[in-house]
Amino acid sequence: MEKNLWQQVQLVRQQSPLVHNITNYVVMNNTANALLAAGASPIMAHAKSEIREMINIAHSVVINIGTLDEYWSESMLMAAETANAIHKPWVLDPVGAGATSFRDQILHQLLQFHPTVIRGNASEIIALAKINTTVTKGVDSTAESNDAVEAAQILVQQYNTIVCISGETDIILSPTQTIQIKNGHSLMTKVTGLGCSASALAGAFIAVAEDKAAGIAAAMSLLGIAGELAVRESKGPGSLQVNLIDKLYNMTEEEFTSHLKIEKS
Amino acid sequence: MEKNLWQQVQLVRQQSPLVHNITNYVVMNNTANALLAAGASPIMAHAKSEIREMINIAHSVVINIGTLDEYWSESMLMAAETANAIHKPWVLDPVGAGATSFRDQILHQLLQFHPTVIRGNASEIIALAKINTTVTKGVDSTAESNDAVEAAQILVQQYNTIVCISGETDIILSPTQTIQIKNGHSLMTKVTGLGCSASALAGAFIAVAEDKAAGIAAAMSLLGIAGELAVRESKGPGSLQVNLIDKLYNMTEEEFTSHLKIEKS
Amino acid sequence: MEKNLWQQVQLVRQQSPLVHNITNYVVMNNTANALLAAGASPIMAHAKSEIREMINIAHSVVINIGTLDEYWSESMLMAAETANAIHKPWVLDPVGAGATSFRDQILHQLLQFHPTVIRGNASEIIALAKINTTVTKGVDSTAESNDAVEAAQILVQQYNTIVCISGETDIILSPTQTIQIKNGHSLMTKVTGLGCSASALAGAFIAVAEDKAAGIAAAMSLLGIAGELAVRESKGPGSLQVNLIDKLYNMTEEEFTSHLKIEKS
């Protein structure tokens, strides 16, 4: 598995997939830099007048609803519909799911276009499962990991998707397997948008990986290990943001395999 | 006073207030990182379909008109109206006041919802007072500090608000007191959006402070001292932006109290 | 020439021109910081309700279509029309030219307002020439430099503009001269938006330079040399982005003239 994950990292560097992002204003710069550092090619565009053409030339799509509004949500729906129709893998990052009824309504519509992957934190995954099921037992808003796993399983089953729950442990659930990644560092939660970078990297990796769940595991461990190593050279979240990009760029196989903490079941 | 201000810094770190920002595209990433580094929790959202719900869950609101347009200005007005109606403290950052009639018209409307604090540079405060008063004596566009103080006093009186004039000396005027903070460094003016970070931090501090003017003084001195200390380790404005976030995060009581330059009258 | 270019760098620092930017979300922060570091004063605003007033107070205008949509493209057209009408120099950065028909249609309209400079990479310049000419011989999509030069010559002739083709070698073509700048470093392509920073700096320099082509050459060499020197202190693209801003700010005449690699014909 370790060897396989490092091969995924190399595949992204070699193939440089074109990743189309409709993401939030806060993280666009960092997301683009994270993709470039990992070897991918970011596109950021959202105009309804061109979104279908853009999706057509991309290898994968990332939809992050962080700063959505009425216009952008229509773009996101067009992008998701197009990606689904022409079989481009796509990632849904349900930022702030459950916070407002507007978000939940757009998320409900987006889910109909079968995201290849859904990546969010425990609360978001729980909120997302609540939107889309009448089975609410065990799915409450306490955001404990076990609840999130149950919520994720509902989403996996209902949409035949892969769910990645980000946290101290990243849990990746597919219809056939569960992978746990225990990399990362708590200081990463003090840098805005690293969850969004995780979703963007997932987009790059599912563009090249045959085994999508393994691709997502590679993306999460790459970011987590880059974060761990970057923290060592950082005085706080400002320098961590910078050093993490450097480390995504110059991570070696030795660094990756010696720090990887993965469990599969 | 020194002890009191440091207590405010600790309050933000302990309570981690949820600060809702409708701010400009240029600074969103830095603003979010400054809030996280100081211990607060940023939200960035602007959709008219959800703005009221978002304000409802936030502890304070920051409205910064930097890159406003027709849609965003309607969001800002909804946010200000909601904040005022449900008694959430809110900050107005009148970026570019006086530059165009559109800005002045939106600012005029925003002022009707009684911002808890207005933070701007001398020119912006002078322009803002001009918009909203027929008393124009002493309020001209030369942007000298004394003129700004007179303009600030007009705004304080007319809207029962607190005004913070940023500059080499930050002057905070409330109906009952005047506080001067002499921290900061001239290199900070070469980093885009540190004024916007000041407004965002003011938002975090008025969410937790009972004495709002003292809270704003704590926010301004925290940013100013972080800037002074960060400059020492910086080779230019690029590294200053990074080091300042680090210093907001790891500032100690000793650093804060030994560098604080405050005068109250 | 070397002496002349350094004088342009000093002119920007002394005159601090007001550069109005309608640019993309991804790079706004970096672009503003690059302009500040070089000594210019950035404005970022796009509202149709104020764009004409803003252009009126600016010394130059930069239009970058990176994340355009229907609203923003109308703003861009108003800005270009105004700049052309009141003789403010303006830069067109045709990001993603040729990628979608929407982009090409907006670019076609923007070109009618005679940009002072067009700055793009080889593929973008080739795509742009294709949009606006029926002479397609030699202008294909292979993006080789020679093809881009031919495409640039067509644009120079047709719009009486200056074209700057960015790449390993920057080629600046005006109706009367060709300048080649061989500064820069390949790691710069791993930082998002340095091309956009190049366009923004071109905007600052044409605001102060009498010889616009020399001004653009100064902007490109300043950025290229800053990049070369910054790479030496960087561990990857994250730290390069930071160090490059520092170096734009503190570049000395000795550093500039000793590293400049320029050829004129």
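Tutor: Happy to! Axes are lines fitted to C-alpha atoms, for helices over the stretch in contact, and angles run from 0 to 180 degrees between N-to-C directions. Helices (H or I, at least four residues) and strands (E, at least two) are DSSP runs, numbered from the N terminus. This is a predicted model, where local features need pLDDT of at least 70 and side-chain atom pairs count only at pLDDT 80 or more, while totals for chains, interfaces and linings use all residues. Residues are numbered from 1 along each chain as its sequence is written, chains are lettered from A and ligands numbered from 1 in the order in which they are written, and side-chain values use heavy atoms, with hydrogens and water left out.

Student: At what angle do helix 8 and helix 9 of chain B pack?

Tutor: Two packed helices are described by the angle between their axes and the distance between the axes. Helix 8 (residues 194–208) of chain B and helix 9 (residues 212–231) of chain B have axes 8 Å apart, at an angle of about 140°. That makes helix 8 of chain B oblique to helix 9 of chain B; angles under 35 degrees count as roughly parallel, over 145 as roughly antiparallel, 65 to 115 as roughly perpendicular and the rest as oblique.

Student: Which residues make that contact?

Tutor: Contact means heavy atoms within 4.5 Å. Helix 8 of chain B contributes residues including B:Leu201 and B:Phe205, and helix 9 of chain B contributes residues including B:Ile216 and B:Leu223. By class, this contact of helix 8 with helix 9 of chain B has twelve nonpolar, two polar and one charged residues. Here Ala, Val, Leu, Ile, Met, Phe, Trp, Tyr, Cys and Pro count as nonpolar, Asp, Glu, Lys and Arg as charged, and the others, Gly among them, as polar.

Student: How do helix 4 and helix 5 of chain A cross?

Tutor: The axes of helix 4 (residues 70–85) and helix 5 (residues 101–111) of chain A come within 10 Å and cross at roughly 15°. Helix 4 and helix 5 of chain A are therefore roughly parallel to each other. Among the residues in contact are A:Met76 and A:Leu77 of helix 4 of chain A, and A:Phe102 and A:Ile106 of helix 5 of chain A.

Student: And what about helix 1 and helix 8 of chain A?

Tutor: Helix 1 (residues 2–15) and helix 8 (residues 194–208) of chain A have axes that come within 9 Å and cross at roughly 85°. These two helices of chain A are therefore roughly perpendicular to each other. In helix 1 of chain A, residues including A:Val9 and A:Val12 meet A:Ala204, A:Phe205 and A:Val208 in helix 8 of chain A. The contact of helix 1 with helix 8 of chain A divides into six nonpolar, two polar and no charged residues.

Student: What rotation superposes chain B on chain A?

Tutor: Two copies of a chain are related by a rotation about an axis and a shift along it. Copies are superposed by least squares on the C-alpha atoms of residues with pLDDT of at least 70 in both. Chain B goes onto chain A by a rotation of 120° with 0.0 Å of shift along its axis (RMSD 0.0 Å). That is the relation of a three-fold axis. Of the residues of chain B, B:Tyr25 comes closest to the rotation axis, at 3.8 Å (C-alpha).

Student: How many aromatic pairs are there over all chains?

Tutor: There are twelve aromatic pairs over all chains. Rings of Phe, Tyr and Trp (its six-membered ring) pair if their centres lie within 6.5 Å; planes under 30 degrees apart count as stacked, over 60 as edge-to-face and the rest as tilted. The rings of B:Tyr25 and B:Trp72 have centres 5.3 Å apart and planes at 75°, so this pair is edge-to-face.
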